[in-house]
Amino acid sequence: MHKSTTIKAKAIKETMSCKLCLKDKKLVRQSHIIPAFMYKDIFDEKHRLFEVTVTKDKDIIKDRLRQTGANEGQILCQSCDNEVLGKLERYASLVLFGGVPIKLQNITDVKGMKYTLCEEIDYAKFKLFILSLLWRASISKLPDYNNVNLGPHEDKIRQMILNSNSGGPIKYPCVMASYRNLKEAPHQFIGSPGLVKDGDGFRYLFLIGGVLYIFYVSHHNIPDWADECAINSNGELKLLHLTKKGASAVFKNFIGVDLLNN
Ligand SMILES: [Zn+2]
């Protein structure tokens with residue numbers, strides 16, 4: 001009697017429902033919320049666009065940064081973690097850090113706005129990868145992701161990821177802006193995601209490895225420029241280059257300190 005109770009209890013513990021496929025399966029012990037490769041310098045090595053320097057500031061804030069991007073157990077089954085998300089991660093890693101031929105061109109527009117035009121990206125894979133970061137942060141119970149709660153959008157994005165349905169470009173667009181052009185800024189900074197509400201719209205801000213990701217979740221208040229910068233179905237995206245003033249505002253927003261003393 002006692003023995004069978006123990007076995008039953010153990011069996012229950014080993015199968016829980018996976019947050020992505022919703023099936024009762026054995027879940028993996030550790031899943032990344034933010035994949036480890038994203039700590040690296042974007043467009044590094046052969047892909048390099050910006051001069052990357054390691055600053056003193058990086059050491060000062062290192063302890064605080066390492067808390068984010070942590071692992072979380074018992075959320076995904078092996079198949080969802082390794083295959084569904086793993087496939088997206090492998091592709092995004094090749095785009096961001098080299099391995100697939102994409103075109104990169106630095107452009108200054110007539111208004112003086114600087115950006116890198118990235119072309120020949122696989123829209124579906126990249127879009128779903130980016131969305132998976134938002135979704136993972138939303139399902140996470142880690143304190144760093146407390147601000148991310150997608151509500152009804154959580155299940156919509158879950159289905160998009162699970163069914164490889166990337167939706168149209170204006171469905172949950174994400175604008176990427178980098179301050180890697182600023183040598184004095186700490187590039188390996190990863191901050192806790194934040195929520196910004198204005199009017200009846202809201203968006204989430206993630207700061208990962210020197211890149212600010214702005215996710216427009218609600219259908220309202222998505223500015224035209226955001227739609228123009230987010231990845232489109234031709235596989236083009238504009239990675240904005242933040243000015244020093246813009247980067248200062250980002251740091252103040254994420255850690256309450258202007259690391260650039262602007
Ligand atoms: Zn699963």
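Two strands are taken to pair if DSSP finds at least two bridges between them. I am working on a predicted model.

**Entry 1: overview**

I looked up the secondary structure and found 7 helices and 11 strands in the protein. I then looked up burial: 37% of the 262 residues count as buried. For contacts between residues at least 6 apart in sequence, I noted that 69% join residues at least 24 apart.

**Entry 2**

I went to strand S5 (residues 103–108) and strand S6 (residues 114–119), which pair in the antiparallel sense over 6 bridges. Which residue of S6 stands opposite Leu104? I found Cys118 there. The hairpin has 5 residues between its strands, and I noted that Gly112 has a positive phi near 90°.

**Entry 2: from S6 to S11**

I followed S6 to its pairing with S11, which is antiparallel and has 4 bridges. In S11, I found Leu239 as the bridge partner of Thr116.

**Entry 3: Leu240**

I stayed in strand S11, which spans residues 237–241 and includes Leu240. Is Leu240 buried or exposed? I counted 21 other C-beta atoms within 10 Å of Leu240. The cut-off for a buried residue is 20 or more, so Leu240 is buried. Leaving out neighbours within four places in sequence, I listed its contacts as Tyr115, Val175, Ala177 and Cys229. I also looked up Ile107: the residue lies 133 residues from Leu240 along the chain, and their C-alpha atoms are separated by 9.7 Å.

**Entry 4: the largest nonpolar core**

I counted 62 residues in the largest nonpolar core, and those with the most contacts inside this core are Leu131, Leu134, Ile161 and Leu237. The elements that each supply at least two residues of this core include the helices H3 (78–97), H4 (123–139), H5 (152–162) and H7 (244–255). The strands S7 (174–178), S9 (201–208), S10 (211–216) and S11 also each supply at least two. Which element gives the largest share of this core? I found that H4 does, with 10 residues. For Leu134, I looked up contacts without counting residues up to four places away in sequence, and found that Leu134 touches Ile157, Tyr204 and Phe215.

**Entry 5: H5**

Just after H5, I noted a positive phi of about 50° at Ser164.

**Entry 6: H3 against H4**

I looked up the packing of H3 and H4, which meet at an angle of about 110° with their axes 9 Å apart. Angles of 65 to 115 degrees count as roughly perpendicular, and therefore H3 and H4 are roughly perpendicular to each other. On the H3 side of the contact I listed Leu85, Leu88, Glu89, Tyr91, Ala92 and Val95. On the H4 side I listed Lys125, Phe126, Leu128, Phe129 and Ser132.

Methods: Residues numbered from 1 in each chain as written. Predicted model: local features only at pLDDT ≥ 70, side-chain atom pairs only at ≥ 80, totals over all residues. Buried ≥ 20, exposed ≤ 12 C-beta atoms within 10 Å, placed from the backbone. Contact = placed C-beta atoms within 7 Å. Core = buried A, V, L, I, M, F, W, Y, C linked by C-beta atoms within 7 Å. Axes fitted to C-alpha atoms, helices over the stretch in contact; angles between N-to-C directions. Parallel < 35°, antiparallel > 145°, perpendicular 65-115°, else oblique.
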